[in-house]
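Here is a friendly walk through one protein chain, meant to be read with the model open beside it. Please have your viewer ready and follow along.

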Amino acid sequence: MPLVRYRKVVILGYRSVGKTSLAHQFVEGEFVEGYDPTVENTYSKILTLGKDEFHLHLVDTAGQDEYSILPYSFIIGVHGYVLVYSVTSLHSFQVIESLYQKLHEGHGKTRVPVVLVGNKADLSPERYVNLCYSGQKEVSWTRNQSGSHSGFATDSSHFTSLCL
Ligand SMILES: Nc1nc2c(ncn2[C@@H]2O[C@H](COP(=O)(O)OP(=O)(O)OP(=O)(O)O)[C@@H](O)[C@H]2O)c(=O)[nH]1
Ligand SMILES: [Mg+2]
């Protein structure tokens, strides 16, 4: 009989960086063309990792900026975060730094896992976020270069690693 565990994971990042595309790609297995700004959306998926089953509740949020106030529902009962920026936008990376700080303040001394995703890697000729620069910010983060467009995001490690 597998052990069933519940996990709530919140995806945060500046607008239009590809949060919805990553969530959709992970849950539905396909990239949907077009842009429809998110208000808030949730996805559910059951993951089997080893002998255990995880019921993942994925919260896809509206784009934040450095002035956004994170609601309690993005802090309380959350097991992990996917922080997404676009490699084509330095500003989107700077917003991540501010969000990370807010998460740190919200959770106090409790350490919560965070995965940092540099999305739109297929647009690397337009890259503004230098790998070395982003790498310096990863003392306790895990970096993933991905492209929900190119299908790199079908590598489900962004989400599954947060369940463990
Ligand atoms: N080239 C490329 N385009 C992408 C990629 N991921 C997303 N996009 C495009 O970027 C735009 C925004 O994607 P969304 O997934 O809606 O972005 P979002 O972060 O959810 O946006 P908000 O909900 O407004 O915060 C869409 O036109 C997507 O098709 C990617 O990896 N590569
Ligand atoms: Mg969205």
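Among contacts in the chain between residues at least 6 apart in sequence, what percentage join residues at least 24 apart? The value is 76%, where a contact means that the C-beta atoms of two residues, placed from the backbone, lie within 7 Å.

## Ground rules

This is a predicted model, in which local features need pLDDT of at least 70 and side-chain atom pairs count only at pLDDT 80 or more, while totals for chains, interfaces and linings use all residues. Residues are numbered from 1 along each chain as its sequence is written, and chains are lettered from A and ligands numbered from 1 in the order in which they are written.

## The overall plan

The chain has four helices and six strands; helices (H or I, at least four residues) and strands (E, at least two) are DSSP runs, numbered from the N terminus. Read from the N terminus on, the order of elements is β-α-β-β-β-α-β-α-β-α.

Of the 164 residues, 32% count as buried. A residue is buried if 20 or more other C-beta atoms lie within 10 Å of its own, exposed if 12 or fewer, and partly exposed in between, with C-beta atoms placed from the backbone.

## Strand β4 and its partners

Strand β4 (80-86) has six of its seven residues buried, so it is largely enclosed by the rest of the structure. It pairs with β1 in the parallel sense over five bridges, and β4 also pairs with β5 in the parallel sense, over six bridges. Pairing here requires that DSSP finds at least two bridges between two strands. For landmarks to click on, Leu-12 has Leu-83 in β4 as its bridge partner, and Tyr-85 has Gly-118 in β5.

Together, β4, α2 and β5 make a right-handed β-α-β unit. Right-handed means that, with the strands pointing away from the viewer, the path from the first strand over the helix to the second runs clockwise. Within β5 (residues 114-119) sits Val-115, which is buried, with 21 other C-beta atoms within 10 Å. The C-alpha atoms of Val-115 and Gly-80 are 8.0 Å apart, although 35 residues separate the two along the chain.

## The nonpolar core

A nonpolar core is a set of buried Ala, Val, Leu, Ile, Met, Phe, Trp, Tyr and Cys residues joined through C-beta atoms within 7 Å. The largest one has 31 residues, of which Val-10, Ile-11, Tyr-81, Val-82, Leu-83 and Val-84 touch the most other members. Two or more residues come from each of β1 (4-13), α1, β3 (52-61), β4, α2 (90-107) and β5. Which element gives the most? That is β4, with five residues.

Leaving aside residues up to four places away in sequence, Val-10 touches Val-59, Thr-61, Phe-74, Val-78 and Tyr-81.

The buried ones are Lys-19, Thr-20, Ser-21, Leu-22, Ala-23, Gln-25 and Phe-26. After the helix comes Gly-29, with a positive phi near 75°.

Further on, Thr-38 lies in the loop between α1 and β2 (40-49). Thr-38 is partly exposed, with 16 other C-beta atoms within 10 Å. Not counting residues up to four places away in sequence, Thr-38 touches Thr-20, Asp-60, Thr-61 and Ala-62. Its C-alpha atom is 7.4 Å from that of Gly-63, which is 25 residues away in sequence.
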